[in-house]
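Dear colleague,

Please find below the structure that I am handing over to you, together with its sequence. My findings follow it.

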Amino acid sequence: MSDQTEALTNFAVKVGIIDPETAEQIKANQKPPVIVPGGVTSISESAEKLYREIAPSEQLFLRDGNVCQLIESDGVRKLELLKPAAACSRFEDFVRFLKPAKTKDGTTLFVPEVISKETAEKYLTAGAKSLLPPIEGLLRCPLITERHGKIHIVSEGYDPTTKLLITETVKITDVPLVEAVETLKRLFQDFHFQTPGDGSRAIASLLTPALKFGGFIKGPIPADAAEADQSQAGKGYRQQMTAAAYNDTCAVVTKPETSGVGGLEEGFGTALIEGRPFIQFDNIRGKFSLQGLESFMTATGTFPARAAYSKIIQVDPSKFTIMISSNGYQTTVDLANRSSIIRIYKRTGYTFKAWAPRGEYRGGIREFIQDAQPFILSCVFAVVREWHQRGKPRTNDNRHDFREWCQILDWITQNIFKAAPLMDGHEAAQERVANPDHTFLRSLALALSKHYKLGVPYRPNELFEVCEEDGVYIPGVPKDKMHEEKDANTALGKLMKRVFGDTQSAEVDVYTITRSKEKVEGNSHHTYPAFFYTFNLTTPPHEPQGEHSSAVSSCKKADEVDKGDPL
Amino acid sequence: MPIIKPSREFEGSDVSSDASSLGCYAEYVAALNWGPGERDQSAWNAFLRAGSLGIDGETAAKIVTDYIHTVGGTFSPAKIRSQIRRAYEHVGSKNDAPGFICKAPKTEFSADKLKSMAAKVPGVHPELLQALSPVATDAVSSAQFLEHLYKPGEKVVVFVHYESQGQLLYEVGAPTSPTLPEGGPCGVWFLVNPVDGQFHPNPRQADKQSRRSEESVTSWRYLVLESDVAETNEWLSCLVQLPLKIAAIYTSGGKSIHALVRIDAVSKKQWDHERDAMKHIVVTLGADANAMTAVRLSRLPATRRGEATQHLLYLDPDPDGTPIISKGTTRNPS
């Protein structure tokens, strides 16, 4: 029934032309009839008729053998398994159920029937449900893909090839490559990346969903692991920018206070089952180890997702992007090898640019992307088109386990964006995040740097004080003794021995730590040898470049006004 | 063709074969598509099946007509009788078509409901409607009327003789389109939905060549509401209150007033669905149910019917469903 007919029917009831019962009958009569199972009607026949009527609507889908529906909750569209109780009324949106009844003279008539939960359950388990379109995920924006060797844009609705449902229409325009590249680069100009390689990986992170969801990258893609030196540096914000470019938001998975890893697993499973394409493990503290996630990152077929009070659903990992943010990313070797680590420094005292897409200030870069989303996505598609047009080239960089991803994005960042090689500085970062000692030393170096104490030799007890002041946890100290100087010093000494061995210097991230032995005077005026540690910056910080020359005509940047740090 | 499984009751063999045949038949009828546009074919199939199962014509007719009634459809008793006779002859069964079939009760015009609704907005007259029209109606010619309501390249068949294939094919936006007739003894009509201008066989009339049947329609855009029973001002009072996308209102050159409602259906089936849902309401207010067909001819405004003029009263090329009276402003308050 169209909006017009529905409005007319409601109006007619309101002014008394027809009664509500007749209105309901009019509405119901618009739907095709389905005879409920029973008597001569088998379950499979009835279910076939039901699902044949529902399938073209593309509102109910089949996911791992389960009937699911698209729902919207708090502005977020997600997939939900259809339960029998809900199915009773949901099916009525598509058909009207009838059952045969005999009149006194023996004639069979069909009368309306409300199906029971048991009947709904029979429908939900009937084989005919396979008539519904299979679904693997959702997207809130068009999809760029390749069909018969040519670029093809899937604008809206269900795409049977990728099994993705595009839930919103976004108008894609042709953007000249130069303008697209400048616009995308400009999105990151306020970020202080630790190295140029980190900047390249940030660009890669923005492009990866388009390439992966569109099937240009067949193999796995790494998790976007954002790491910052301090809180409020913008690591999570950058990841939200990526989701915003695809007209979406991140499904945030956080570790519940009262739960262990199980809580994370459940949150992760829920996001997967809901079909949320951007899943963010936000502000992870301490060592991040999620066995399920490690298998997910390399799963070639399907992955069993499980949410609280739900059965296991096999999901397709290729329809998701994983993001992890932390101030000191520390993880297992396996997950480190499956991450793309992007490090940023907090820009203390820096006023972020106010973006004014329509001449009116609304917020920071993320808000700008939200406002100008069709244009930003058009820029991403322009880059993908260019790469495709040039024969889908790759470099031969093999410094990441996910080589296909690495080589494609390395080519794009170097040749289209004229940026640094993708993997520059990444191996060291991977090694460090997989090594708790190195992660600790990086955090300590950042704390010393914050207090302008780089280049000064310190003894372990003095380093402990810095750790205490900045809340840096020393690996190996029991949680209940982390404030005990003696235990901390012992753990610190052991840690340094592990790191240095027989050498006198160690490199961690962009820092060099040197060890020296000097005689110090004890309480009873006799001297003894003691180790001193000096932290220095090996690589000078990669300062953000000045403003890129703007090639964006559709948006203008407001004057640098102090309207608060958007991060 | 749906597959009918044997009745489980029949397998028990304690039910008479007549009852089981009836069960099978009822099941078969239920599996047929009784949606708009499909009922004729389904009724024919149902009677073929009834004949082959040896079910008497009266019972078959009752089941079929009850079914049509249940889904909100209508039927012609004569046609049902004819279908039964032909179907039973076809399968070699005894021709026992029923002598009488009760037609399903149809929605009826209610003068009380019309009056009651008209009283809510009294005093709506043609001049007021012309003042409320988004497009000034007095200067609109018949060609401009078509140019406003159809897209460039679309073709509209125009008639001076009602029972013909149309005297003229008007192509919107084409500089070479023929001049529209200024009038005719009985008036000038146009087919409300655009056509391709070609002749097609009409399977519902023994494949007679036609350019005004549904095979020629290119867009299921409009539906005509007209009333022969409602008093003019009451009918207008109702029309201005209805939340319908009324694109135009014009006189017939006689007593009747036609309203062109925008439907924008994607298919004939959908158009029929919309019509069926609306019919219950508008017929109660006086609309002519027989005029609500997708290939309806309607009066072309700004032409003459004998000495009278078919006046254009209201023209909104882009209606949004807001009741005319709720739009609140007159184009020309004077």
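Across the interface of chain B and chain A, five residue pairs are in polar contact, with both residues of each pair at pLDDT 80 or more. Please bear in mind that this is a predicted model. On the side of chain B that touches chain A, the elements giving two or more residues are α2 (17-31), α4 (57-70), α6 (111-118), β9 (257-265) and α10 (268-284) of chain B. The element that gives the most to this side is α10(B), with nine residues. Sorted by class, the side of chain B that touches chain A holds 19 nonpolar, eight polar and eleven charged residues.

How many salt bridges are there between chain B and chain A? The count is zero, although eleven charged residues belong to the side of chain B that touches chain A. The contact itself takes 38 residues from chain B and 32 residues from chain A. The size of an interface is often given as the accessible area lost when the parts come together. Chain B and chain A bury about 3,100 Å² between them, and 61% of this area is on carbon and sulfur atoms.

I turn now to the cavities. The count comes to five cavities of 30 Å³ or more.

The largest cavity has a volume of about 70 Å³. Its lining is formed by A204(A), S205(A), T208(A), P222(A), A223(A), D224(A), T321(A), S340(A) and W405(A). By class, these are four nonpolar, four polar and one charged residues. Both α7 (196-213) and β13 (223-228) of chain A supply at least two residues of the lining of the largest cavity. The largest share, three residues, comes from α7(A).

The second largest cavity contains about 40 Å³ of space. Lining the second largest cavity are L139(A), C141(A), P142(A), L143(A), I144(A), P209(A), A210(A), F213(A), Y246(A) and F381(A). Two or more residues of this lining come from each of β8 (143-147) and α7 of chain A.

Which element provides the largest share of the lining of the second largest cavity? That element is α7(A), with three residues. In terms of class, the lining of the second largest cavity has ten nonpolar, no polar and no charged residues, whereas the lining of the largest cavity includes four polar residues and one charged residue.

With kind regards

Key
Residues are numbered from 1 along each chain as its sequence is written. Chains are lettered from A and ligands numbered from 1 in the order in which they are written. This is a predicted model: local features need pLDDT of at least 70, side-chain atom pairs count only at pLDDT 80 or more; totals for chains, interfaces and linings use all residues. Side-chain values use heavy atoms; hydrogens and water are left out. On a 1 Å grid over the protein atoms alone, a cavity is a set of points where a 1.4 Å probe fits but cannot get out, and a pocket is an open set with protein on both sides within 12 Å along at least five of seven lines; lining residues have an atom within 4 Å of a point. Grid points are joined across faces, edges and corners, and a volume is the space filled by probe spheres set on the points. Helices (H or I, at least four residues) and strands (E, at least two) are DSSP runs, numbered from the N terminus. Ala, Val, Leu, Ile, Met, Phe, Trp, Tyr, Cys and Pro count as nonpolar, Asp, Glu, Lys and Arg as charged, and the others, Gly among them, as polar. Contact means heavy atoms within 4.5 Å. Buried area is the accessible area (1.4 Å probe) that two parts lose on being put together, summed over both. A salt bridge is a side-chain nitrogen of Lys or Arg within 4 Å of a carboxyl oxygen of Asp or Glu. A polar contact is a pair of N or O atoms within 3.5 Å; within protein, one must be able to donate a hydrogen and the other to accept it, and residues adjacent in sequence count only if both atoms are side-chain atoms.
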